[in-house]
Amino acid sequence: MKPAVVRPLVGLISILVVVAVVFVAITLFRGGFSTSVPVTIISQRAGLVMNPDARVKMRGVQVGKVASIEERPDGQAALHLAMDPSQLHLIPANVLVDIASTTVFGAKFVQFVPPANPSTEPLAPGAVLDAKNVTVEINTVFEQLTQVLSSIQPEKLNETLGAIATAFNGRGEKIGQTLADLDAYLAKTEPSLGALSHDLTVAPDVLNTYADAAPDLVDTIKNSTKISQTIVDEQNNLDAFLVSAIGLADTGNDVIGTNRQALTDVLHLLVPTTDLTNEYAPAINCALGGMADLTHQPPLPAPGILVSVGLTLGIERYRYPTNLPKVAATGGPQCSGLPHLPMNTPAPWVVTDDGANPEQYGNPGIMANSDAVKQLLYGPIAGPPRNTAQTGMPG
């Protein structure tokens, strides 16, 4: 080839080689020839200094980079990561995600934080993780402070602070005492917080009950209004009634006050009688019940009282002092099923100690089957006399 052609061709090839080297270097620097695995991070916000190609680190080692940042319709941010496949098996599936920065002014990066109990499963390609924390940038603080300051009018703020300073000037002791009193009041109120909390808890049920009863309460108020109006209309009669009641009270006070001692004595004397009446109330009920049955009996053929009288053999006379009458009957009230007794049933009876027992041994009366006859027929019999005809006697 001619020298005039070779030299330009060599120069062109050299330029292409240099361009290719630069392109390859840039591509290698950007990771163009390396494979990556996609992982998505969902965060409330990405931060003011979060840019594509930001690093993804775990324990200080870069394991990927931020491929792109997407703003979602709900206001959240989606960070699409390009993860190094060789490092993916070292990241647990339940890894925690923080969006942090090296300094308050530094750029953001994604940091994987190992959990307390790491999963045995590695992070899968295409996984979607939630970012828990996003470091607040100083830019955000300044932005929010600027918004607050722009909303406050400096002259009104100055007037407000001046009024507060004037109000507090010279009143430090009173304000301190007020705070001390407030602290003491809160200390006394603190034990009742449980009851207050319970009252607030049950208050809705109580208010609902009052709401359900509101119509009846309104009706009651209306009726009270009518009653009040009636009292107003009948005030003259009410005054007369009250005057009469006062007069009756004065008369009653005079009567009771004059006879106070006599009434007291009567009440004291009635106490034993009422106690005895109360004790024997069942027997009195039986007696009254029997009298009630008598009212249903047919009338007598002639006015008067019918009496059935019979003559019996005489018995031993009463002897002194063995048969003196006594008041020693005990046992309380006795009803024994009266006044209603079954048919062919003898009336019940009660044995009492009143000093008169005609059936006792030694007062046999006239007997045909005596012990003397047995002794005469059978000879002397050991033991006490035996007389089966004597009820209650031995033998």
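This is a predicted model: local features need pLDDT of at least 70, side-chain atom pairs count only at pLDDT 80 or more; totals for chains, interfaces and linings use all residues.
A nonpolar core is a set of buried Ala, Val, Leu, Ile, Met, Phe, Trp, Tyr and Cys residues joined through side-chain atoms within 4.5 Å.

**The core**

Select I41, L81, M83, V110 and F112. Of the 24 residues in the largest nonpolar core, these five touch the most other members. Next, colour the elements that give two or more residues to this core: β1 (37-43), β2, β3, β4 (77-83), β5 (96-101), β6 (108-113) and β7 (128-134). Among them, β4 gives the most, with four residues.

**The barrel**

Seven strands close into a barrel, and the order to follow around it is β1-β4-β3-β2-β6-β5-β7. The pairing is mixed. Averaged over the sheet and with direction ignored, neighbouring strands are turned by 35° against each other. As a reminder for this view, strands of a sheet pair through backbone hydrogen bonds, either parallel or antiparallel.

**Strand β7 and its two partners**

Select β7 together with β1. These strands run parallel and are joined by three bridges.

Centre on I99, which has V134 as its bridge partner in β7.

**Strands β2 and β3**

Move to β2 (residues 55-58) and β3 (residues 61-71). In which sense do these two strands run? They run antiparallel, and four bridges join them. To inspect one of the pairs, select R55 and its bridge partner in β3, K65.

From there, step into the loop between β2 and β3 and select R59. Its phi is near 55°, a positive value in a residue other than glycine. Is R59 buried or exposed? R59 counts as exposed, because its relative accessibility is 65% and the exposed class covers values over 50%.

**The helix and its nonpolar patch**

The last stop is helix α1 (residues 3-29), where L12 has its place. Select L12 along with L9, I13, L16, V17 and V21, and show the surface: these residues make a nonpolar patch of about 540 Å². L12 itself counts as partly exposed, because its relative accessibility is 46%, a value in the class between 20% and 50%.

Methods
Residues are numbered from 1 along each chain as its sequence is written. Side-chain values use heavy atoms; hydrogens and water are left out. Patches are made of residues with over 30% relative accessible area and no salt bridge: like charges are joined within 9 Å, nonpolar side chains (Val, Leu, Ile, Met, Phe, Trp, Tyr) within 5 Å. Accessible areas come from the Shrake-Rupley method with a 1.4 Å probe; for residues, only the protein chains shown count as cover. A salt bridge is a side-chain nitrogen of Lys or Arg within 4 Å of a carboxyl oxygen of Asp or Glu. Buried means under 20% relative accessible area, exposed over 50%, partly exposed in between (1.4 Å probe, protein chains only). Two strands pair if DSSP finds at least two bridges between them. Axes are lines fitted to C-alpha atoms, for helices over the stretch in contact, and angles run from 0 to 180 degrees between N-to-C directions.
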